[in-house]
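Dear colleague,

Please find below the structure that I am handing over to you.

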Amino acid sequence: MPEPDAVVIDKLVKRFGTFVAVDNVSLRVAKGEIFGFLGPNGAGKSTTIRILCGLLGPTSGQATVSGFDVATQPELVKRSIGYMSQKFSLYGDLTVEENLDFFSGIYGVPKERREERKSFALRMANLEERRGELTGQLPGGWKQRLALGCAILHEPPILFLDEPTSGVDPIARRSFWDLIYDLSAGGQTIFVTTHYMDEAEYCHRVALMYKGKVIALDTPRAFKQRLGAKSMEEVFINEIERQEAATA
Amino acid sequence: MSFRRIRAVFRKEFLHIVRDPRSLGMALLIPILMLGLFGYALSLDVNHLPAIIYDQDNSPASRDLIQAFQGSTYFDVRSVSGDYPSIEKGINSNKIVFGLVIPPDFTRLLEGGNVQVLLDGSDSNTASIAMAYVTTVVNLYALERTAQRLDQRTGMHVKPLTEAQVRVWYNNDLKSRNFIVPGLIPVILMIIAALLTSLCIAPEWENGTMEQLLSTPIRPTELLLGKLSAFFVLGAADTVMSLLAAVFLFNVPLKGSLAFLGLSSFIFLFGALSWGIFISAATKSQLIAYQVGLLSSFLPAFLLSGFIYAVDNMPTVIRFITNFIPAKYYVTIMKGIFLKGVGMKVMWLELLWLTVYAVIIFTLAVSKMKPKIA
């Protein structure tokens with residue numbers, strides 16, 4: 001029997017008034033996959049992620065995460081995910097360790113596992129030396145790693161990362177992606193949005209999102225082969241131009 | 001409901017408080033300031049009313065009357081040799097509250113004679129108290145003279161037919177501080193609660209941490225209970241501080257049960273903090289939450305709670321409104337415990353209302369926290 005998919009989205013629609021942020025999106029993400037959501041700002045990537053995290057209700061359509069319906073079982077969905085929003089959202093006046101302890105507490109990590117998970121997160125984020133420092137004073141890349149560390153304390157099977165590397169220098173981005181690979185190798189499913197084209201190359205599969213619609217979905221290699229493009233950037237521009245021509 | 005999650009929020013929130021000198025300073029300074037200001041400066045006792053007497057008779061009889069005024073601590077007779085211009089000047093320049101004019105034929109007219117009292121009515125409260133004092137003194141004097149006259153005429157000892165035998169229960173010195181200080185504690189707690197909590201939800205929205213929290217399994221009730229309990233520690237410290245000041249600094253007699261005092265303070269504080277959190281959650285902006293919180297807690301607690309201004313004297317509509325001011329019940333309870341020593345048996349209804357209020361406001365606050373991010 002094949003393993004059920006980690007994320008299943010079926011004809012998902014989200015409207016804000018007359019604006020259609022997510023327009024009839026359907027896709028599936030397999031377990032352990034690194035799934036990239038690529039698109040310009042305002043394409044509906046964040047909205048989709050927030051619906052999947054139970055932060056927003058869908059207007060119509062269905063989505064399940066880890067087998068739980070996001071609209072009717074948000075509590076169960078929240079237990080099985082880790083979420084990192086595009087805005088830095090840890091407490092700047094708390095130390096690295098205090099932030100970890102806090103999230104460990106609200107994720108309900110069992111007492112006997114706490115220390116172990118905390119050291120794992122500290123090691124992973126390479127913050128062991130700075131565990132006593134105030135989070136607000138850390139450099140951007142370190143903050144992002146800590147945020148990721150906080151989001152994986154409860155070992156969620158699925159991680160949603162919403163532009164996790166925006167505003168971070170290229171070297172820090174590279175090391176962040178190394179972390180993502182490690183997590184994926186450990187069996188976690190990773191659903192990541194980005195508008196950095198080079199990052200799209202790291203994903204197992206990529207969905208191109210434009211004006212609320214998924215206009216293409218494939219592996220980076222297949223994309224490039226099919227379009228004879230050298231980079232994902234070329235693929236992206238190509239696809240959007242095609243889409244524009246089709247709707248014009 | 002998970003105790004572990006509540007405790008995590010409590011610890012986090014407590015760290016915020018400890019690391020923010022502003023809120024910690026406010027929590028400590030405001031009670032000290034209020035207690036000092038109201039405990040020492042505000043006195044509603046009317047003593048030493050300054051007066052000028054214009055004695056046109058200058059007779060043994062008029063001097064007797066003057067003696068009665070001079071002998072009382074309620075009056076401060078500045079001069080017995082005044083005249084109309086000096087009385088007018090005294091009242092206009094706020095040097096005196098009233099002038100007493102004894103007519104030249106006071107002795108001759110004594111059987112049916114009058115004295116004139118000129119009273120500064122611009123402070124109506126003091127004026128009405130002064131009027132009552134002066135009238136009492138003059139009446140007593142008249143009664144005595146009448147009795148003497150009757151004695152002389154009939155040769156019998158005459159006593160007034162009826163006398164009021166007054167005994168003051170509770171606060172028998174009638175010191176205003178004794179009722180101001182216990183009533184002040186609710187006002188202090190209300191201000192503290194609103195100020196501290198107004199800054200507890202809005203930053204979570206402004207910094208994006210609320211979205212992070214909402215993506216976790218934590219429930220709004222747990223989040224609020226955690227936050228509330230952190231502020232509760234501060235509020236409880238303020239309560240204890242104010243109580244100690246009341247008893248040891250201002251020597252207010254504490255007659256009732258400490259357990260009942262603790263229980264009602266607990267419930268009141270819970271409601272007051274919930275109100276602040278509700279406002280903070282409803283406004284989502286630090287500045288607005290701060291202002292709305294302060295206005296909606298301080299003013300009603302100060303004006304409509306019976307803290308200083310007796311609810312019974314208010315117009316019917318206002319009196320009806322006071323029923324919705326939780327501080328009113330807590331003020332009643334505080335005064336009852338401190339001055340009368342009464343407890344649950346007498347004040348269970350007040351306690352019940354405080355509980356109902358706290359539960360309603362907390363529920364409202366929770367409903368404001370339900371995830372609705374657009």
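Predicted model: local features only at pLDDT ≥ 70, side-chain atom pairs only at ≥ 80, totals over all residues.

Residues are numbered from 1 along each chain as its sequence is written, chains are lettered from A and ligands numbered from 1 in the order in which they are written, and side-chain values use heavy atoms, with hydrogens and water left out.

**The sheet of chain B**

Helices (H or I, at least four residues) and strands (E, at least two) are DSSP runs, numbered from the N terminus; two strands pair if DSSP finds at least two bridges between them. In chain B, four strands make an open sheet of mixed pairing, ordered β2-β1-β3-β4. From one strand to the next the twist averages 30° (axes are lines fitted to C-alpha atoms, for helices over the stretch in contact, and angles run from 0 to 180 degrees between N-to-C directions). Four bridges join β3 (residues 98–102) of chain B to β4(B) in the antiparallel sense, and Val101(B) has Gln116(B) as its bridge partner in β4(B). Helix α4 (residues 84–92) of chain B packs on the sheet, touching β1 (49–55), β3 and β4 of chain B, with its direction at about 30° to that of β4(B); contact means heavy atoms within 4.5 Å. Helix α5 (residues 124–154) of chain B also packs on the sheet, where it touches β1, β2, β3 and β4 of chain B, and its direction makes about 165° with that of β4(B).

**Strand β6 of chain A**

Strand β6 (residues 81–84) of chain A is covered on both faces: Ile81(A) and Tyr83(A) on one side, and Gly82(A) and Met84(A) on the other, are all buried. Buried means under 20% relative accessible area, exposed over 50%, and partly exposed in between (1.4 Å probe, protein chains only). β6(A) pairs in the parallel sense with strand β7 (residues 158–162) of chain A over four bridges; in β7(A), Leu159(A) is the bridge partner of Gly82(A).

**Salt bridges**

The structure holds 31 salt bridges over all chains, each being a side-chain nitrogen of Lys or Arg within 4 Å of a carboxyl oxygen of Asp or Glu. One of them joins Lys118(A) and Glu97(A) at 2.9 Å, N to O. Lys118(A) is in helix α4 of chain A and Glu97(A) in helix α3 (residues 96–106) of chain A, 21 residues apart. Lys118(A) is buried, with a relative accessible area of 7%, whereas Glu97(A) is partly exposed at 21%. Both belong to a network of salt bridges that also links Asp101(A), Glu115(A) and Arg131(A).

In chain B, Lys12(B) forms a salt bridge with Glu204(B), with the closest N and O atoms 2.5 Å apart. This pair links helix α1 (residues 3–19) of chain B to helix α7 (residues 202–206) of chain B across 192 residues. Lys12(B) is buried at 2% relative accessible area, and Glu204(B) is buried at 3%.

**Backbone angles**

Lys11(A), although not a glycine, has a positive phi of about 50°; Lys11(A) lies in strand β1 (residues 7–16) of chain A. Asn126(A) has a positive phi near 55° and sits in the loop between α4 (111–124) and α5 (140–151) of chain A.

**The surface patch**

A nonpolar surface patch of about 810 Å² in chain B includes Leu263(B), Trp348(B) and Trp353(B). Patches are made of residues with over 30% relative accessible area and no salt bridge, like charges being joined within 9 Å and nonpolar side chains (Val, Leu, Ile, Met, Phe, Trp, Tyr) within 5 Å; accessible areas come from the Shrake-Rupley method with a 1.4 Å probe, and for residues only the protein chains shown count as cover. Helix α14 (residues 344–369) of chain B gives the largest share of the patch, eight residues.

Yours sincerely
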